[in-house]
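Dear colleague,

I am handing over the structure that follows, and my notes on it come after it. Please read them beside the model.

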Amino acid sequence: MSENALLQVKDLSVSIDNELPILHNINLEIKPGETHVLMGPNGAGKSTLGFTLMGNPHYCVTKGNILFEGQDITDLSADKRAKAGMFLSFQNPHEVPGISLGSFIRNASHAQTGAPVKLLAYKKALKSAMDVLSMDEAYADRDLNVGFSGGEKKKAEILQLLMLNPKLAILDETDSGLDVDAVRTVSKGIEEYQKKKDGALLIITHSTKILESLHVDYTHVLVKGNIVHTGDGSLVNEINANGFERFVKED
Amino acid sequence: MADTNNKQVVADIDRSLYDFKDVESEKDFYRMAEGLTEETVLKVSEEKNDPDWMRDFRLECLKLYNDIKVPDWGPSIEGLDMDKISSYVRHKSDMKGKWEDVPEDIKNTFERLGIPQAERESLAGVGAQYDSELVYHNVKDEVAAQGVVYTDLESALRGEYADMIKSHFMKLVPPTDHKFAALHGAVWSGGSFVYVPKGVKVDIPLQSYFRLNAAGAGQFEHTLIIVDEGADLHFIEGCSAPKYNVANLHAGCVELYVAKNARLRYSTIENWSKNMYNLNTKRAIVEENGIMEWVSGSFGSHTSYLYPMTILKGDNSKMEFTGITFAGKGQNLDTGAKVVHQGKHTSSVINTKSISKDGGVGTYRSSVIIQKTAKKAKASVSCDSLMLDSISRADTIPGMDIRTNDADVGHEAKIGRISDEAIFYLMSRGISEEDAKAMIVSGFANPVSKELPLEYAVEMNNLIKLEMSGNG
Amino acid sequence: MSNDLNMKVNVLPVLTYNFLHVNDSTLQINDFNISDNKSPLAKELPAGVTVQKAVPFAEAGEIFRKNNDRILAPIDGHVDPNGDTSARDKDQALRTGMGADVDGLMISMGATVDIYTVEEGVKADKPIILNYDMKDGDASLSGQVIHARKDSEVTVIIAYTSDKDAKGFQGVSTRLLAEEGARINLIKSQILGDGFVHFDDIGGACLKDGKIDLVTLELGGCKVFSSAYVNLAEKSTAFTSNMGYLVRGDHDLDINYVADHRGKKTEASMQFKGVLMDSAKKAFRGTIDFKKGSAGSVGDEQEDALLLSEDVVNKTMPVILCQEEDVEGRHGATIGELGEDILFYMQTRGIDEEEAKRIMIKARLDSVAKLIPDPEIMQKTLYYIQNVV
């Protein structure tokens, strides 16, 4: 089974800046094309898992390891993971003055592939991705995330997802703080990603709005740093109706 | 898409672009003995075939130079020994108006710096100074036809504009201003004179390129620009030198006269080698409704004192200063701007960025003076510093002196570093840590590079990349 | 007693252009015959606080010298900023805002200081109140040391008062030591007469987790030096300062504040709000100095000067020095007239321009005066503001 796994997380324990442990013995396996949802109440450690998978140096793996396409990436820096085909969309992406969104994506593509990015083809691809997300083309010329509203920042993250085409995308609370229309647009972007490249997804969320139009293969429930339950897509609806209470009690 | 921002995909930088030493034969060059005496000054004067008033002026300046103390407030200039600096070095050939006629060795230097190519492509005129003398000067015919004068200062001193030079030369920067202004007055050589007649708008920039190639020499060029009523000019200045183990000195002087309703933009990318003491004085005076714009990038030099000053004399005159300083290993760059508001409704905006790395010392220093007559004046200063490690220094020393209530003065300064979160964010998109840092620094510098003509913006980004890689 | 003393005080930590005439200031006391070296008795001392009266100035400095291995712990790899002036004050027992010449004056004039010691763990239940009530013709030098031992807390309120047209000279040195976890809250209200030359030379040092808070009102006097140098020597120390000032007539206020960040995670916040009228002069120097090793520190400095006459002279010198990557430093200054928007707003409510200005000046100074924790001194200060404005 594991031979064709994209991501394998084995007995992973994590603490922040070498202080209190946050995640305990996490096990997770994601195959190409699968969509996994990680749910759980606030403070359960969901974002910690996202950051750890992507290699944020503040999060320290105290036990276990992370494999991507069979390779141990536990000690790799974030850029190497990205080059391997991982992507993390940030809940609150950083503002970087002086670099436009458009040239940033072009730089990132170049960094990941090492090949020169052909300007015309690139512009065309960017335009069509922006169309999917109903983004005005002018955004490409604005400084990366600077002065973007919450919704614009999320769209800009999904735009990068579409342009960079990773094998696995981890979406951290991509729906938080968005109105209904924006959620729909963002979902459309995510569907487009699934469609285009058999892309695998790990969607981290504490609500279910964004999942309504997506097919979900597995749902994991994270409570106090432990995965307490794993089920199929229908678990999303159950949580939607009853909340996390059942799982919190189990703990 | 803003493709000019595409800094990270530029090809690797070749430091040899600036650092090469030109193979030259000593016998082709005339070099004055080191040290500064009345005799040396008279010798320079004789070499230049000065009018009498200029010779007397030089001697006056020498006295002042000997009387005035070195400044007590800036970086140390102990490493600069005037007894070891030759104040005059020239090639034994005259200035040329045709590129083909420039001596081969000098031509090669400027070819390697890309100067003639830039002239063909995007400049209205070019002057090139090599050590103490201009070796080449040329203005496009259509610009000359508009009546624009762009020539070396020495021939202007004896020609049609002699009176104009006499009435403006070192009037804005008097030799009493400071020790190195006096030194400049005593041994100045080379430089350009530009006159843009009333109402003439020069669409493409004029450029001067300064190359100091001789070891242990001083360069003291004088730039005098007069932009007459309603005229408009962009002047670009580039500087470079190969690195030697002995101190070199640059004590140039720039005097800019911006008449009523005129506009002058003065852009500089300074990349002197890191044995250079850059003690340069730049000053502009702006009449009614005139506009003075400075764009200034300081990357090179061992030690710099550089604070372009603007006197907003006329009502409604304006000044904008945009500057960046990158202080790397072994550098002490003390830079900033000065402005004096005299006229009513005058306005000034100073925006600077400074970056310190590898033990470099970067100091932002400024003064904003609002005189009593400057009713309804507006001044705003914003200076940001970026520290890239904890062995460097980034200091901010701005001063304000306000003598009317009817003014509006705002000041903002920030100091900080590149946040770990920003680096992680970029790395999560596949960019290496080093490139992520370079990208953030380029972004930080963007407000300055976007003010520069494209080829200069590219050069500036190359310099940033060079500094970031530790090979600067 | 020497009568020809011209002292260089309030020296900027780094020199700049001489034409700004802001690198230092001169304290002249030629015209005064200093005769009185007495400092006031505190009305009543809180429990756990003791006082040692009339200690010679130099001897009182020993409290700081004893801790110098902590306050001035050597910094590896320190590089001086351009124009550094720290050498001139290096022999002070504790660096102060005005600098070494004041120490010299105190010692040569035989000035004494009172040492207040707050015992370990004591949270003083009431403030120490010192009333300097000056008479016309007085000329005095005095001072105090506030020594807050480990984990103690104390509030000290110093009020400088005299008749409105009294003349004289009054110089004070106030030195503070907040040991580990200690907190000193110093409040100063200065409403001296229009003929008073006054200085208050404050120096402070905080050891681990120690904190110094200053509230200063400089409202009277004809020539006033108001200065503080606070050494944030160790981890998690903090300094806050709130100053309100009013300078009228041909009076002159000269300020020099320095926050010296040495420990990790230190914090400084300095706010200066004031009003210049008539032909008043003011020089403000404020420095945030992040020394190498002060990682995680934050420093903020804001000046807001309201200029109400076309004859005022306002100089502002906000300096940030930095030799540490992981810090955040900010300063801002807003200088000018009352904003047109607020004037217009008031006018729409039927308030004329003069009255609007009065309201705004008062509001600005009252906001600082209301931080005085003693109701009587607060009322007196508010009353002074009301009358002058």
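**Contacts between chains**

Chain A and chain C are joined by no contact, and their closest C-alpha atoms lie 15 Å apart; two residues are in contact if their C-beta atoms, placed from the backbone, lie within 7 Å. Of the two pairs of chains in contact, it is chains B and C that share the most contacts.

This is a predicted model, in which local features need pLDDT of at least 70 and side-chain atom pairs count only at pLDDT 80 or more, while totals for chains, interfaces and linings use all residues. Residues are numbered from 1 along each chain as its sequence is written, and chains are lettered from A and ligands numbered from 1 in the order in which they are written.

**Confidence in chain B**

Chain B has a mean pLDDT of 86, with 88% of its residues reaching 70 or more; pLDDT is the predictor's confidence in each residue, from 0 to 100. Over residues 1-15 of chain B, however, the pLDDT is below 50, although this stretch has 36 contacts in the model beyond near neighbours in sequence.

**The sheet in chain A**

Chain A holds an open sheet of six strands in the order β6-β9-β10-β3-β11-β12, with mixed pairing. Helices (H or I, at least four residues) and strands (E, at least two) are DSSP runs, numbered from the N terminus, and two strands pair if DSSP finds at least two bridges between them. The edge strands of chain A, each pairing on one side only, are β6 (86-89) and β12 (226-231), and the twist averages 15° from one strand to the next. Helix α1 (residues 46-54) of chain A packs on the sheet and touches β3, β6, β9 (168-172), β10 and β11 (218-223) of chain A, with its direction at about 145° to that of β9(A); axes are lines fitted to C-alpha atoms, for helices over the stretch in contact, and angles run from 0 to 180 degrees between N-to-C directions.

**A helix pair in chain B**

In chain B, helix α3 (residues 52-67) and helix α9 (residues 179-187) pack at an angle of about 150°, their axes 7 Å apart. That makes α3(B) roughly antiparallel to α9(B) (angles under 35 degrees count as roughly parallel, over 145 as roughly antiparallel, 65 to 115 as roughly perpendicular and the rest as oblique).

With regards
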